[in-house]
Amino acid sequence: MSMTQIRGGLSITQLAAQTGFGPDTIRYYERTGLLPAPARTAGDHRRYDNRAIDRLRFIRGAKRLGLRLGDIANLLTLRDTGTCPCEPAAGLLRRRLNDIDAEMIRLTELRGHLTDMLTAIPGPACPDPAPGTWLPTATTFATASATATGTGTGTGTGTGTGTGTGTGTEGR
């Protein structure tokens, strides 16, 4: 908490209105160090300056790109020291682009599986399904899995059935 007491500046509600972040998010960013503690009034109310607006807009833009808060914190730390954050930012953006490419491959494979399953549905004269047979036959699904291809890297967790290659992404 800053010991500086001021009269002017933006309240947390005004800052939230200007940046699109909620007051709780702004307080969270203060607790985690993404946003420096603001000056306070004599009544202990937060007062923010234009640097807080700039910083929150930077955070919003980085989040829109899919960067994690830890990565954003690293970029902000570099920015605060006056060091050019371009090289570390380029590495983060390359990694994010690779994550997106891997996810696109995974989604393309998923689309293929869904299309194959949809094609295997009999049509208007659909017979009543017998218990346990509401999915396409195992042969149809295995064929769809065998035709899906893709490469990529990633880490993650998940559950499912079937065969083939794919990628995962780390939780955000």
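Here is our chat about the model, from the overall fold to single residues.

Mentor: A word on the ground rules: this is a predicted model, where local features need pLDDT of at least 70, side-chain atom pairs count only at pLDDT 80 or more, and totals for chains, interfaces and linings use all residues. Residues are numbered from 1 along each chain as its sequence is written, and side-chain values use heavy atoms, with hydrogens and water left out.

Trainee: Got it. How many helices and strands are there in the protein?
Mentor: Six helices and two strands. Helices (H or I, at least four residues) and strands (E, at least two) are DSSP runs, numbered from the N terminus.

Trainee: And what pattern do they follow along the sequence?
Mentor: The order is α-α-β-β-α-α-α-α.

Trainee: What share of the residues is buried?
Mentor: Buried residues account for 23% of the 172 in the protein. Buried means under 20% relative accessible area, exposed over 50%, and partly exposed in between (1.4 Å probe, protein chains only).

Trainee: Which residues form a nonpolar patch on the surface?
Mentor: L107, L110 and L114, with about 260 Å² of accessible area together. Patches are made of residues with over 30% relative accessible area and no salt bridge; like charges are joined within 9 Å, and nonpolar side chains (Val, Leu, Ile, Met, Phe, Trp, Tyr) within 5 Å.

Trainee: Where is L110 found?
Mentor: In helix α5. L110 counts as partly exposed because its relative accessible area is 38%.

Trainee: Switching to charges: how many salt bridges does a search of the whole structure find?
Mentor: Eight. A salt bridge here is a side-chain nitrogen of Lys or Arg within 4 Å of a carboxyl oxygen of Asp or Glu. As background, side chains of opposite charge can pair when their charged atoms come close.

Trainee: Which residue does E103 form a salt bridge with?
Mentor: R106, with the closest N and O atoms 2.7 Å apart. Both E103 and R106 sit in helix α5, three residues apart, about one turn of the helix. E103 is partly exposed at 23% relative accessibility, and R106 is partly exposed at 30%.

Trainee: What about R27 and D24, where do they lie?
Mentor: In helix α2 (residues 23-32), three residues apart, about one turn of the helix. R27 is partly exposed at 28%, whereas D24 is exposed at 60%.

Trainee: And R51, is it buried or exposed?
Mentor: Exposed, at 65% relative accessibility. The R51 side chain meets that of D49 in a salt bridge (2.5 Å, N to O), and D49 is partly exposed at 33%.

Trainee: Last one: where is P85 found?
Mentor: In the loop between α4 (69-81) and α5 (86-119). P85 is partly exposed, as its relative accessible area is 24%.

Trainee: What is P85 in contact with, leaving aside neighbours within four places in sequence?
Mentor: L75 and L78, where contact means heavy atoms within 4.5 Å. The C-alpha atoms of P85 and L75 are separated by 6.0 Å, with the two residues ten apart along the chain.

Definitions and conventions. Areas by Shrake-Rupley, 256 points an atom, 1.4 Å probe, with all protein chains shown as cover.
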